[in-house]
Amino acid sequence: MRTYSNKTLATLVLLIGTGMNLLSRGLSESFAVFLVPLEQAFDTDRAALTGIYAIYMLVYGLAAPVTGYLIDRFGTRVCYLFGLLVLAISFTLAGHATQLWHLYLLIGVLGGIGTAALGMVPASTLASAWFDRRLPTAMSSLYAALGIGVLLFSPLAQWLIEHRGWRDAYGWLALVPMLVLPVMLLLPWRQLQAGSSTIMPQRLARRAKDAKAETRQQELRRALQTSGFWKLAGVMFFTTMSTYTTLIQLVAFLVESGFAPLFAAAIFGLAGLLSTAGMICAGMFAERFGERNVATFAYTCSILGVGCLALLTLTPDGLLGYLLLFLFVTLFGSVSGSRGPLIAVLSSRLFSGPAQATIYGCVLLAMGIGGAIAGWASGALHDLTGGYVAGFGMTAATAFAGMMLFRSIEESAAHAPLSAPQPATDQG
C-alpha cells in the first residue's frame, strides 16, 4: 500500500469533507426549489409540504448521534458509503412518488439519514485528527462547502424542473451520489482514519497518562452533565431555527413577490455562495478575535438581513426592492452558516476524547429539532397569516436568543458540570 505524506493526506481530508458536505447539503436544500411545483402537483397547503422538510431536519438530528457512534466504532469510510447509497435511493424513488406520504418517507426520512451520514459529523471527526492550531480554519472550509452546494444544486434543480419536470429532476439529481460512490471506494481510508502522525500520538499519549480515562459511554454521560454541552446544543437549536424559518420559504416568497422562478432560485444559490465566504472568514477571524465576538457580529447581520426582507414585502418592485434584496443576501446570506464551524470547534475542544464524534452528533441533534420546528412553523405561519412577515419575526427572535446564549459559552463552557466532576477530556 502506498504511503502518503501528512500534507497530502490532510489536503485529501479537506477535499473529502468539502465534497461530501457540498453534495449532501446541496441535494437536501434543493427542496426549497421543489416547494412550488410540489404544491401544484399534490394540490396541498404549504404547511403540509414544509412538514416534509421538518421531518428531514428531525431525522437528520436524530441520526447525527447514531452517525457519531458508528464513526467512533467503525470509522468514516463505512459511514460515507452508506450515506451515498441512501441518498441515491431516496432521490431515485422520490421521482416516482404518487402520494405526499411517499415524499415524507423518501425525502424526509431517508434524506435525513443520508445527509447525516455525509455531513459534518464524519467531516469534523476526520479534520480534528489532522488539524490542531488551524482547526478553526479547517472547520470553516468544511462548512463553506454547504453554501457552495446550495449555489450549485439549487439553480440546477430549477433548470431541470423547468425543462424536464420535477419527477425527472429528482432522477437526474440521484445520479450524483451514484457516480461518487465508486470513487470513494478507491481512497486510502486506512491512512486517512489513522490521523496525523504528529497530532494523534500526542493525543493518545495524553489519554494514556490520564488516570481518569473513560469509555465512550462514560464520557458521553459526563458530557451530558456539563453546562457547556447544553449551551452548545441550545445555540445550535436557536441558530438553526433562525436560519431555516426564512431560507425554506425564500424561493416561494420571491416567486409570490413577482420575481421569476429561475431568478428566485439563483438568489437562493447566491445566498449559499456568500455563506461560503462567511464561513471561511468566520474561522479566520475566530483565530484572531475569538468565537464569541465573531458570532455576535454574525447574529446581528442575520437580524438586520431578515429585516430587509420584511421591508421587501412593502416595496417588492422597483429599484428599492432590488436594493433591499441585495442587502438581505449580503447580510443574511454571508453569515447564514458561519456559526456552525464555531460550534464545531468549541465542541472538539471541550470533548476531544474517544466519544468526540458521538458528543458532536448529540449537539447536532439540537440542530435537527430546531430545523424541524422551523420547517413546520414557517409553513404554518404562512397558512395562518397569509404572508411571510411572522416567519421573518421568528427568525429575528431566535437569532437574538442564539446570540445571547453563545455569548455565555466562552466564560462558562469550561466550568464545572451541572452535577458531577468536570470531565477529564474537557479542554475548554
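A residue counts as exposed when its relative accessible area is over 50%, and as buried when that area is under 20%. Keep these two words in mind for the views below, which all come from a predicted model.

**View 1. Asp43 sits in a loop between two helices.**

View 2. Step back for a moment before the next close-up. The chain has 428 residues, and 58% of them are buried. Now think about contacts between residues at least 6 apart in sequence: 86% of these join residues at least 24 apart.

**View 3. The largest nonpolar core holds 128 residues.** In soluble globular proteins, nonpolar side chains tend to be buried together. Which residues of this core touch the most other members? They are Phe31, Phe34, Leu38, Tyr80, Leu103, Tyr170 and Leu254. Helix H7 (residues 135-185) gives the core its largest share, with 17 residues. Zoom in on Leu103: neighbours within four places in sequence aside, Leu103 is in contact with Leu38, Phe42, Ile52, Ala94, Ala97 and Gly108.

**View 4. Helix H11 packs against helix H12.** Two packed helices are described by the angle between their axes and the distance between the axes. For H11 (residues 227-256) and H12 (residues 261-289), the angle is about 150 degrees and the axes are 8 Å apart. That angle makes H11 roughly antiparallel to H12, and H11 passes H12 in a right-handed crossing. On the H11 side, look for Leu247, Leu250, Val251, Leu254 and Val255; on the H12 side, look for Pro261, Ala264, Ala265, Ile267 and Phe268. By class, this contact has 10 nonpolar residues, no polar and no charged ones.

**View 5. Helix H15 crosses helix H16.** The axes of H15 (residues 339-350) and H16 (residues 356-385) come within 10 Å and cross at roughly 140 degrees. The two helices are therefore oblique to each other. H15 passes H16 in a right-handed crossing. Where do they meet? Ile343, Ala344, Ser347 and Ser348 in H15 meet Gln356, Tyr360 and Val363 in H16. Sorted by class, the contact of H15 with H16 has four nonpolar residues, three polar and no charged.

Notes. Residues numbered from 1 in each chain as written. Predicted model: local features only at pLDDT ≥ 70, side-chain atom pairs only at ≥ 80, totals over all residues. Heavy atoms only, no water. Axes fitted to C-alpha atoms, helices over the stretch in contact; angles between N-to-C directions. Helix = DSSP H or I, 4+ residues; strand = E, 2+ residues; numbered from the N terminus. Parallel < 35°, antiparallel > 145°, perpendicular 65-115°, else oblique. Left-handed = near helix turned anticlockwise from the far one by under 90°. Contact = heavy atoms within 4.5 Å. Nonpolar A, V, L, I, M, F, W, Y, C, P; charged D, E, K, R; others polar. Core = buried A, V, L, I, M, F, W, Y, C linked by side-chain atoms within 4.5 Å. Buried < 20%, exposed > 50% of the residue type's maximum accessible area, 1.4 Å probe, protein only.
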